[in-house]
Amino acid sequence: MIGAVCYTGCRLDRAAHRRTDAAWLADRLANPSTRVVPLWRGRAPIADGRSAAVVSLTGERAAAVLAAAEDVVFLGQSDDGPACFAADVSGLAGERLPALENGARFLDLRRVGARLASTDGALLAYARALLHWHRRHRFCGRCGAATASRDGGHMRACGSAGCGEKLFPRIDPVVLMLVTRRGDGGADECLLARQRDWPRGLVSGLAGFVEPGEAAEEAVVREVREEAGLTVTGVRYVGSQPWPFPHSLMLGFRAEVDPGAAIRCTEDELEDAGWFSREAVAAIETRGLKLPFRGTIARALIDDWLAGPGDGRHAPVPPPC
Ligand SMILES: [Zn+2]
């Protein structure tokens, strides 16, 4: 079974049946117990002490945020009842942001995501991706007229009476794959590579966007061929991770190549790639290299392979962290 990944495990009930109930949504927005999470230019309110935790607002402070927000989306309902909304306050100058208590600040989710509790990280990933989509879909791609938010922020509708186009939140699927082979000595090796624009020393498995008219498994085969000149077999889905930068869905796979298969880097973006034994991966820092941070599915694929017997068999869905 694959290890834990962040941005999963949201315990909020998304309550999709409430999204079209305008009277209920208005009532919840006016309720002082409703939780509002403000996001500012992709940054989230975080209390960053020994551990990191999301800060939500209620009562008068929530009402002030809602009044200043460009977009408001309904996220769902907590176990204990209160509704939860996210509000985009990116239009506010920094000094006008809502005051946060106990030293909390607006922080880049990418920097703190792995340190948040799973339900907090998942909540912010959900809010960030949805609000980013709203900002980028102000106008209809069919007729150019302005669009407006509907269904609690889970749809946008074109304002032109003659058009009526409906837009739904966008998700970009990306495949990540850990490719393994039987090395010359008979032990498993995995393929790790680095792209030119990555942080110094970082290596990981291969990845790429799924293209139109392509199954995810086909994207795995194509990307490995394009980037490393290898023909893979035994493509197996392992698990997924929402990646809200801005709104991707990472699909993790394992795949194999024939023993002794040689890498031929054919993509300009790939700076280097090589085969690593389990021992070499476990001691990767001695080579001046580093793996993706814990909490990413890219790292979970590697850790899973390190810990496993090498037969590549996994449960299909990762557990929340
Ligand atoms: Zn239109």
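Colleague: Hi! Which residue stands opposite Asp188 in S11?

Modeller: Hi! Arg182 is the one facing Asp188 there. S11 is the strand of residues 188–195, and S10 joins it through 3 bridges, with the two running antiparallel. Strands here are DSSP runs of E with at least two residues, helices are runs of H or I with at least four, and both are numbered from the N terminus. Two strands pair if DSSP finds at least two bridges between them.

Colleague: Before I go on, what kind of model is this?

Modeller: This is a predicted model, in which local features need pLDDT of at least 70, side-chain atom pairs count only at pLDDT 80 or more, and totals for chains, interfaces and linings use all residues. Residues are numbered from 1 along each chain as its sequence is written, and side-chain values use heavy atoms, with hydrogens and water left out.

Colleague: Back to the hairpin of S10 and S11, then. Which residue takes a positive phi?

Modeller: That's Gly186, with a phi near 95°, in a hairpin that has 5 residues between its strands.

Colleague: Nice. Which sense does S10 take when it pairs with S14?

Modeller: Parallel, over 9 bridges, with S14 covering residues 248–256. If you want a place to look, Asp172 sits opposite Ser248 of S14. S10 is also joined to S12 (residues 206–209), by 4 bridges in the antiparallel sense, and there Val174 faces Phe209.

Colleague: And how many residues of S10 are buried?

Modeller: 9 of its 11 residues are buried, so S10 is largely enclosed by the rest of the structure. Buried means under 20% relative accessible area, exposed means over 50%, and partly exposed lies in between, using a 1.4 Å probe and protein chains only.

Colleague: New topic: the zinc ion. Which residues coordinate it?

Modeller: Four cysteines do, through their SG atoms: Cys140, Cys143, Cys158 and Cys163, at 2.3 to 2.4 Å. Donors are N, O and S atoms within 2.8 Å of the metal (3.2 Å for Na, K and Ca), and a site may look incomplete because water is not among the atoms. Along the sequence, the donor residues follow the spacing C-x2-C-x14-C-x4-C.

Colleague: Which parts does the pair Cys140 and Cys158 tie together?

Modeller: Cys140 lies in the loop between helix H4 (118–135) and strand S7 (147–150), while Cys158 is in strand S8 (residues 155–158), so the pair ties together parts that are 18 residues apart in sequence. Cys140 and Cys158 are both buried.

Colleague: What is the geometry of the site of the zinc ion?

Modeller: The site is tetrahedral, with angles of 97 to 114° among the 4 donor atoms. Four donors count as tetrahedral if all angles lie between 85 and 135 degrees. For comparison, the ideal angle for four tetrahedral donors is 109.5 degrees.

Colleague: Which strand gives the most to the lining of the largest pocket?

Modeller: S12, with 4 residues. By class, that lining holds 19 nonpolar, 8 polar and 6 charged residues.

Colleague: And what volume has the second largest pocket?

Modeller: About 460 Å³. Of its 22 lining residues, Arg14, Tyr126, Ala129, Ile171 and Pro242 are closest to the centre. H4 contributes the most to this lining, with 6 residues, and the classes are 14 nonpolar, 5 polar and 3 charged.

Colleague: Last one: is Leu39 buried or exposed?

Modeller: Buried, with a relative accessible area of 5%. Leu39 belongs to strand S1 (residues 35–39). Its C-alpha atom is 7.0 Å from that of Ser90, which is 51 residues away along the chain.

Conventions: Four donors count as tetrahedral if all angles lie between 85 and 135 degrees; four count as square planar and six as octahedral if opposite donors are over 155 degrees apart and all others between 65 and 115; anything else is irregular. Ala, Val, Leu, Ile, Met, Phe, Trp, Tyr, Cys and Pro count as nonpolar, Asp, Glu, Lys and Arg as charged, and the others, Gly among them, as polar. On a 1 Å grid over the protein atoms alone, a cavity is a set of points where a 1.4 Å probe fits but cannot get out, and a pocket is an open set with protein on both sides within 12 Å along at least five of seven lines; lining residues have an atom within 4 Å of a point. Grid points are joined across faces, edges and corners, and a volume is the space filled by probe spheres set on the points.
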